[in-house]
Structure formats: C-alpha cells, structure tokens
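Student: I'd like a close look at one part of this model, the aromatic pairs. Could you walk me through it in one go?

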Amino acid sequence: MTATLNSALHPAVADFVSRDRQLLIGGQWVDAASGRTFATHDPATGEVITRVAHGEAADVDRAVAAARAAYEGPWGRMKPNERERLIWRVGDILSERAEIFGQLEALDNGKSVTIATAVDVSWSADVWRYNAGLATKIKGSSITPSMPFAGPDAQFHAYTRRESLGVCGQIVPWNFPILMATWKLAPALAAGNTVVLKPAEQTPLSALMLGEVFEEAGFPPGVVNIVTGFGDAGAALSAHLDVDKVAFTGSTEVGKKIVQAATGNLKKVSLELGGKSPNIVFADADIESAVAGSVAAWMFNHGQCCVAGTRLFVQRSIFDEFTQAVADAASQAKIGPGLDPTTELGPLVSQEQFDRVNSYIQQGLADGARALTGGGRWGDKGYFIEPTVFVDVKPEFSIVEEEIFGPVVAALPFDDEDDVARAANDSIYGLAAGIWTKDISKAHRTAAAVKAGSVWVNQYNGFDTALPFGGFKQSGWGRELGDSALDLYTQTKSVNIAL
C-alpha cells in the first residue's frame, strides 16, 4: 500500500487493508488449509492492496460443515422475528458505515467512490431491511381437498408449508461485490438458510468486511461462512454433495459449468448471467433525456454491468444526430481513479478484463466499425479504457453479438417497431432492455415484443428492491429482488391430514 493511497483512505479502511485477510468459517477467522494467499490489486494503479487467504476444496468442506451445523442447530431453532432483527441490523450497520464500505469498494473494484457509497452500499442497506421484513412473512396456504377416491364421509385438513432449503452456496461477481453478495445473502438468511459465500477473487474485500458485520450483529457462528479463492473453490462449492442450493451471478459460460457441477445431488440452481441488452430510441423520444440515459446505459459502472445497453438501436431519421450526441457526451466524462469523488469513469477491474475489452475494440475496428469517440487505452497506467461509440456496424460483428463488459457501445439504425423488435431479440441473451418514446401505446407494444426480464421505458437501470430481476433465454434462471427472491430459497411441502 503506497503512502499516497493510505493518505486518501478512511482510517478504518486503511486499517482493514493493512493486514492479510483470512477466511470466515464457523465464526472464526482462519487461514486457508494450505496456508496460501493471493494478492488483490488497485485497478487504478495495478498495485497490491493486501493479501487474502487462498481458499480451496478443503476450505469449502470446512465451511459447508460449519453451515450445516448452524442450520441444524441455533439458526434452525431461531424464530422468524429473531432472524428479522439480525438481518435488519446488518442494514443499519451498512448505513452507518457507508463511507467506509464505499471507499473499500472503490479501492478494490475501481468504481467511483461516490457511486459505490450512494448506490452500492446504500442500496445494499435497503435490500437487507426489505428482506428482514420478509423473514416474518413466509406463508403457506390451507386447501380443502376433494380426494375423489376417499369415502363419502371422509374429511381432511390440508395445508402447505414453505420451508428453507438448508445450506446454500453463493458465488458472486466482481462488478458489484457488496451489492451482489447482499442480493443473495439477505433472502437466503430471511428464509432460514445458512450460507457459504464465495466472492470474486478480483474483489474479495467488501465481502470480508461484511463478515465482520455479521459477527457484530450477533449472527450465530456458521450461519454465514466466507471462502475467498478462485474458480476451483467455486467449482467445489457447486459440486458439494452437502450443499442444497447454489446461486451464481456471472458469465453464461461459467453458469453452464455451475449447472453441470450441480448434477451430483441435483441441488437447486439459480443463475443471473450475461446480457447484450438493446436500448431502443424512437424518433419521437425526448432527445435530451434519451441521450443522457443512453450514455448511462453503457457507461455506468464503466460498462461492467450485465444489463448494460450496449446495443443502441436508433430510428434511422435521427441516427446520425443522436449517435454523435451520445459520442460527444461520452467523450466529456471525467476519467480517473475510483477514490477521486469527481471521477465519472474509472478503470476496469483487472489486467485480464482490460485485455478482453481492448481486444473487442480492436476486432471491431478490424471488422470495419467506425469509432465516433474512443477506441483505445486512456493514460499510461492502470486499467483504463476510453469510452467508445461504434457506428457502421453489422449484426454479425462480435462487438454487436458478444458481451464485452466495458465502456463500449455499438449503434445500429432501425426503421419501425417490427424491425427493431426483431433486431433486439436477435440474441442468445434476454436480460434487460430500454425504450425511449413519448408514445405510450408504442412503449407498451415494444415492451411486450422485446424478450427481456426487465424493460425500462424512458429511463435505464430502473431497478427497485421490490421489483423482481432476472433474465430470459441464456441470461439465467430465477428472479432476485422483491418477494420473488424467496422462491429461490424455499421449497413447498404439502401436508394432508385425515380427520
């Protein structure tokens, strides 16, 4: 950790990264069984922040055993309102320490500290409180069975119970570390499950600090276990025969491997996967709002967003004017390190991600696309990519078909509603979509025609804690957020009693 970096940090963050970080297993902070560690880096400089325990299959075994013991022990016996109070307390602590968590997230991920604090951490606190309330509202139903094969005088009392699953393995990505951990942890715990969380190796720090929050809030040991490591740890968790459910957010390619690994005991699986989302601008849109919203659609979080609107469809009559306005706005974004509160576009998360995004840009140029702005690296250190707006693209270009996960957008013209619906749906993905128009009937028709789990009209990234989120097609299975998230972490039991 450099002196310059230390001077910019809150004392609590500087203290947290001053020591090697361990695994949380069974309420104890422990080294990996192998004793190995790995470095986590500052994406703005490439420098090492701190070292983290390198968890592997043996550590996953220990964590799963601790989670099972907690599930069958104190957590399984805890009343719903007791769980509610503990979960609510996590939200309160996050609110109290928003600045600390925001700085840590900006340092480890590279994102703007302003966004990390105001969006990632604050929204996480809201999600914890929302799910705290759900802990006391898990209900079954009573049913009057007909039982046509029973005697005419037979009577029955039947009802359903929604019960927890048991031990849940949860694997979260690096683009929204604290938020994605929260989306999975909060409903799983509200439903009465225990968890083994595997953070992304690129951004493990906020999850480990969250582990300290669980201790402070009073969660019994083993309810939440945190194993940091690489893909082999995630694979071991997905395949573990004593894990009842695995939840994953990440690429579609890895999601398919998760499904294969889960077949050993046919554990339940939920997946929030990739996207190549269409953002559709009709000529009758409010142009000023549509330009600003369309820039945010693919530049928010440096483009490292599964829902990023990176296929920009613009009606032909306004195409040239609109795409130039988007390029002009994007080119004015302030680029810099995430810890600078004025930064609008920070670095990509790692050298690997930088190389991936840059290779897509170079392939786009080689294919014949034209960059209205951007097209290369920004600066001479760190993992910065210029915001890049491509035109003169064809549907078969890789920059149009494939998820890039960086600040890159490909713009294509369209003629009418039917034309753009076909083009928007020409993708293996179906995660999100944006629609910009003043015609409310057109908005409803297009929203119905687009195959996506979330459709935002005259806005982009229109999330809310109460709205279910998930994808169509190869963008995933299941819905997170809202009370729909409980469906991912409960199972229904039917009870029929002959009276």
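Student: To start, is Phe38 buried or exposed?

Tutor: Keep in mind that this is a predicted model. Phe38 counts as buried, because its relative accessibility is 5% and the cut-off for buried is under 20%. Now for its place among the rings: searching the whole structure turns up 15 aromatic pairs. One of them joins Phe38 and Phe230 edge-to-face, with 4.8 Å from centre to centre and 65° between the planes. That pair links distant parts of the chain, 192 residues apart: Phe38 belongs to strand β3 (residues 37–41), while Phe230 sits in the loop between β9 (224–226) and α10 (231–239). As for Phe230, this residue is partly exposed, at a relative accessible area of 31%.

Phe214 and Phe219 make another edge-to-face pair, 5.2 Å centre to centre with 80° between the planes, and both Phe214 and Phe219 are buried. Then there's a cluster, where ring pairs connect Trp123, Trp183, Trp456, Tyr460, Phe463 and Phe469.

Glu272 lies in strand β11 (residues 268–272) and is buried, with a relative accessible area of 3%. An unreviewed UniProt entry annotates Glu272 as "active site".

Some rings have a charge over the face, too: Arg21 lies over Phe16, 3.8 Å from the ring centre, and Lys245 lies over Tyr489, at 4.1 Å from the ring centre.

Terms used: Residues are numbered from 1 along each chain as its sequence is written. This is a predicted model: local features need pLDDT of at least 70, side-chain atom pairs count only at pLDDT 80 or more; totals for chains, interfaces and linings use all residues. Side-chain values use heavy atoms; hydrogens and water are left out. UniProt positions are given in the numbering used here, feature names are shortened, and annotations may be inferred rather than shown by experiment. Helices (H or I, at least four residues) and strands (E, at least two) are DSSP runs, numbered from the N terminus. Buried means under 20% relative accessible area, exposed over 50%, partly exposed in between (1.4 Å probe, protein chains only). Rings of Phe, Tyr and Trp (its six-membered ring) pair if their centres lie within 6.5 Å; planes under 30 degrees apart count as stacked, over 60 as edge-to-face and the rest as tilted. A charge sits over a ring if NZ of Lys or CZ of Arg is within 6 Å of the ring centre and within 35 degrees of the ring normal.
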